[in-house]
Amino acid sequence: MIKSEKPSIFRAERSPLKVTLLVFSGSSIMCVASAVDPLRAANRIAGETLFDFRLVSVTGEAPITTCGLPVAVSGRFDAADTTDMLVVVAGFGTQNYATSALLAGLRRAARAARACGGVEAGTWLVARAGLLEGRSATTHWEDMEDFSSAFPGVDVRPDRYVIDGPVFTSGGASPTFDLMLHLIRTRLGMAVALDVASVFIYDQARAATDAQPLVSLGRLDGYDPRLAQAVRLMETHVDQPLTIAAVAKRAGVTARTLESIFRKSIGETPGAYYLRLRLGAARRLVVDTRVAMADIAGRTGFSSAAAFSRAFSRAFGEAPVRLRQR
């Protein structure tokens with residue numbers, strides 16, 4: 001710990017922790033729930049308010065999540081309010097919120113708090129406020145490359161969540177739940193953390209440093225490791241696709257066996273699935289970013305923008321340029 005830094009909140013400590021969650025419109029309701037509900041459950045299990053949390057927004061009005069549900073907040077974000085832990089929860093549209101006034105407010109609140117951090121796209125706002133400079137951090141896997149380019153002074157990692165001194169970041173809803181369980185476990189002990197996990201019938205099967213997957217396999221890992229390994233190979237070679245024969249060889253099966261596994265488990269050939277995986281990644285870049293079409297083609301393994309456009313049109317019924325113009 002740097003001498004000027006406050007003691008970590010991630011340590012055995014029974015005193016109440018004051019938590020402020022700053023929620024933005026465009027957030028995922030699952031990210032909001034993953035950040036706040038484990039704390040609520042911990043209070044219930046402990047029989048006392050050990051996490052004194054409140055939700056706020058920039059305007060004081062209820063932010064609207066991506067599914068259309070509003071989040072009730074207790075008021076407006078005020079950088080002068082005292083808090084131990086500031087959690088910035090954001091999703092789509094963060095560029096619209098990064099005003100100089102807000103960023104100054106985040107810096108002021110972070111200086112007074114014992115810890116601050118971002119959930120999913122909240123990491124962008126924390127970084128724009130200069131709070132991640134020289135530190136390690138993560139964000140949602142879809143934004144990893146763009147985030148690294150935007151903030152060269154940040155050590156960007158593909159981990160599920162990262163804690164670096166007084167700053168924490170998480171890549172999405174499930175990693176945020178893991179992060180909050182880690183907070184509960186370090187402060188209140190394993191027994192309380194296990195009880196909280198049990199409330200939600202939640203199995204924490206991943207470590208913080210596990211890489212975020214493009215494809216969440218869930219329990220599929222346990223049923224057919226060859227299928228899981230093949231999918232993992234595909235997702236790590238989106239920009240430079242492997243041949244199906246190469247995927248099969250690395251998964252320890254023949255190409256014919258791999259095709260049988262895919263048809264039985266997913267209902268399509270490995271090649272069709274691989275193309276769909278790449279086009280799905282491309283569609284997210286078309287819709288959610290301003291990356292040039294030629295660059296999207298290169299990032300998703302197509303030989304040219306024309307070849308990419310043809311494949312995209314066949315899959316989605318319209319050219320990527322037209323989809324972006326909507």
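## Helix packing and nonpolar cores

The axes of α11 and helix α13 (residues 305–316) cross at roughly 95° and come within 11 Å. That angle makes α11 roughly perpendicular to α13. The model is a predicted one. On the α11 side, the contact is made by Leu279, Ala282, Arg283 and Val286, and on the α13 side by Phe308, Ala311, Phe312, Ala315 and Phe316. Sorted by class, the contact of α11 with α13 has eight nonpolar residues, no polar residues and one charged residue.

Helix α11 (residues 270–288) also packs with helix α8 (residues 225–235), at an angle of about 40° and with the axes 10 Å apart. Here the angle makes α8 oblique to α11. The crossing of α8 and α11 is right-handed. Helix α8 contributes Val231, Met234 and Glu235 to the contact, while α11 contributes Pro270, Tyr273, Tyr274 and Leu277. The residues of the contact of α8 with α11 divide into six nonpolar, no polar and one charged.

| α11 and α13 | roughly 95° | within 11 Å | eight nonpolar, no polar, one charged |

The next topic is the nonpolar cores. The largest nonpolar core has 38 residues, and those that touch the most other members are Leu21, Phe51, Leu55, Met85, Val87, Leu183 and Ile184. Two or more residues of this core come from each of the strands β1 (17–23), β2 (51–57), β4 (85–90) and β5 (115–120), and likewise from each of the helices α1 (29–46), α5 (173–188) and α6 (190–199). Helix α5 gives the most to this core, with eight residues.

Val87 illustrates the contacts of one such member. Leaving aside residues up to four places away in sequence, Val87 touches Val19, Thr20, Leu21, Leu22, Gly117, Val119, Phe168 and Met180. A second, separate core has 28 residues, among them Ala110, Leu125, Phe147 and Phe151.

Glu120 has a positive phi of about 50° although it is not a glycine. The relative accessibility of Glu120 is 16%, so this residue counts as buried, the cut-off being under 20%.

How values were computed
Residues are numbered from 1 along each chain as its sequence is written. This is a predicted model: local features need pLDDT of at least 70, side-chain atom pairs count only at pLDDT 80 or more; totals for chains, interfaces and linings use all residues. Side-chain values use heavy atoms; hydrogens and water are left out. Axes are lines fitted to C-alpha atoms, for helices over the stretch in contact, and angles run from 0 to 180 degrees between N-to-C directions. Helices (H or I, at least four residues) and strands (E, at least two) are DSSP runs, numbered from the N terminus. Angles under 35 degrees count as roughly parallel, over 145 as roughly antiparallel, 65 to 115 as roughly perpendicular and the rest as oblique. A crossing is left-handed if the near helix is turned anticlockwise from the far one by less than a right angle, and right-handed if clockwise. Contact means heavy atoms within 4.5 Å. Ala, Val, Leu, Ile, Met, Phe, Trp, Tyr, Cys and Pro count as nonpolar, Asp, Glu, Lys and Arg as charged, and the others, Gly among them, as polar. A nonpolar core is a set of buried Ala, Val, Leu, Ile, Met, Phe, Trp, Tyr and Cys residues joined through side-chain atoms within 4.5 Å. Buried means under 20% relative accessible area, exposed over 50%, partly exposed in between (1.4 Å probe, protein chains only).
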